[in-house]
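Reader: I have a chain to go through with you. Please show it, and then take my questions one at a time.

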Amino acid sequence: MNARDVRDELLGQHAALRTQIARTRGDIEAWSRGELESLQMRKEVDDLSSAMRKHNLREEELLGDMFRLGDGRDPGRVIMDDRHRDEHAELNTALALKGAAMDVEPAAWEFVMKQLLEQLLEHMTNEEKFFINADVLRDP
Ligand SMILES: [Fe+2]
Ligand SMILES: [Fe+2]
């Protein structure tokens with residue numbers, strides 16, 4: 001797989017995730033107004049959690065390959081590091097746990113869930129800025 005295909009695949013997944021995050025955000029508000037069943041809300045968070053986990057695994061796989069391809073000779077090519085993997089693990093865990101805790105304290109849940117959605121968006125924006133772009137993610 002060349003660098004362009006990797007970029008296209010990951011950016012395509014980011015676009016889909018942004019749409020899913022926006023929908024989840026709107027539904028959190030609907031749920032908070034009592035317009036959406038908890039069961040449906042939970043399912044939506046679970047779906048987002050699965051999609052994000054799947055994307056992160058794929059990203060680690062693809063960027064890990066690109067890193068090996070780059071052979072570490074050019075520091076600009078270090079695109080999947082342990083810190084990034086740790087952040088994936090944290091976000092995946094947070095998302096999975098948040099889905100389970102929604103009925104305990106609804107107002108707090110709404111608040112932390114929205115914060116988490118912001119973190120997910122920020123993670124993607126940062127990696128597009130630093131890794132997933134034509135300057136860094138390129139063929140050797
Ligand atoms: Fe990432
Ligand atoms: Fe990503």
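This is a predicted model: local features need pLDDT of at least 70, side-chain atom pairs count only at pLDDT 80 or more; totals for chains, interfaces and linings use all residues.

Reader: How many helices and strands does the chain have?
Author: From the N terminus on, the elements run α-α-α-α. The count is 4 helices and 0 strands.

Reader: How far apart are the end C-alpha atoms of helix 1?
Author: The expected span is 1.5 Å times one less than the number of residues. Helix 1 covers residues 3-32, which is 30 residues, so it should span 44 Å. The model agrees: the ends are 43 Å apart.

Reader: What is the end-to-end distance in helix 4?
Author: Helix 4 runs over residues 106-130. Its 25 residues should span 36 Å at 1.5 Å a residue. The distance between its end C-alpha atoms agrees, at 36 Å.

Reader: Are helix 1 and helix 4 roughly parallel or roughly antiparallel?
Author: Axes are lines fitted to C-alpha atoms, for helices over the stretch in contact, and angles run from 0 to 180 degrees between N-to-C directions. The two axes come within 11 Å and cross at roughly 165 degrees. Angles under 35 degrees count as roughly parallel, over 145 as roughly antiparallel, 65 to 115 as roughly perpendicular and the rest as oblique. Helix 1 and helix 4 are therefore roughly antiparallel.

Reader: How many nonpolar, polar and charged residues are in the contact of helix 1 with helix 4?
Author: Contact means C-beta atoms, placed from the backbone, within 7 Å. Ala, Val, Leu, Ile, Met, Phe, Trp, Tyr, Cys and Pro count as nonpolar, Asp, Glu, Lys and Arg as charged, and the others, Gly among them, as polar. The contact has 9 nonpolar, 3 polar and 5 charged residues.

Reader: Which residues of helix 4 are buried?
Author: A residue is buried with 20 or more other C-beta atoms within 10 Å of its own, exposed with 12 or fewer, and partly exposed in between; C-beta atoms are placed from the backbone. Proline 106, in helix 4, has 13 such neighbours and so counts as partly exposed. The buried residues are Trp109, Met113, Leu117, Leu120, Met124 and Glu127.

Reader: Is valine 45 buried or exposed?
Author: Valine 45 sits in helix 2. Its C-alpha is 9.4 Å from that of isoleucine 28, 17 residues away in sequence. Because it has 23 C-beta neighbours inside 10 Å, valine 45 is buried.

Reader: Which residues does leucine 95 touch, leaving out those up to four places away in sequence?
Author: Leucine 95 lies in helix 3, residues 82-100. With 22 C-beta neighbours inside 10 Å, leucine 95 is buried. Leucine 95 touches Leu48, Ser49, Met52 and Leu116.

Reader: What share of the chain is buried?
Author: The chain has 140 residues. In helix 1, the buried ones are Val6, Arg7, Leu10, Thr24, Ile28 and Trp31. Over the chain, the buried share is 19%.

Notes
Residues are numbered from 1 along each chain as its sequence is written. Chains are lettered from A and ligands numbered from 1 in the order in which they are written. Helices (H or I, at least four residues) and strands (E, at least two) are DSSP runs, numbered from the N terminus. Two residues are in contact if their C-beta atoms, placed from the backbone, lie within 7 Å.
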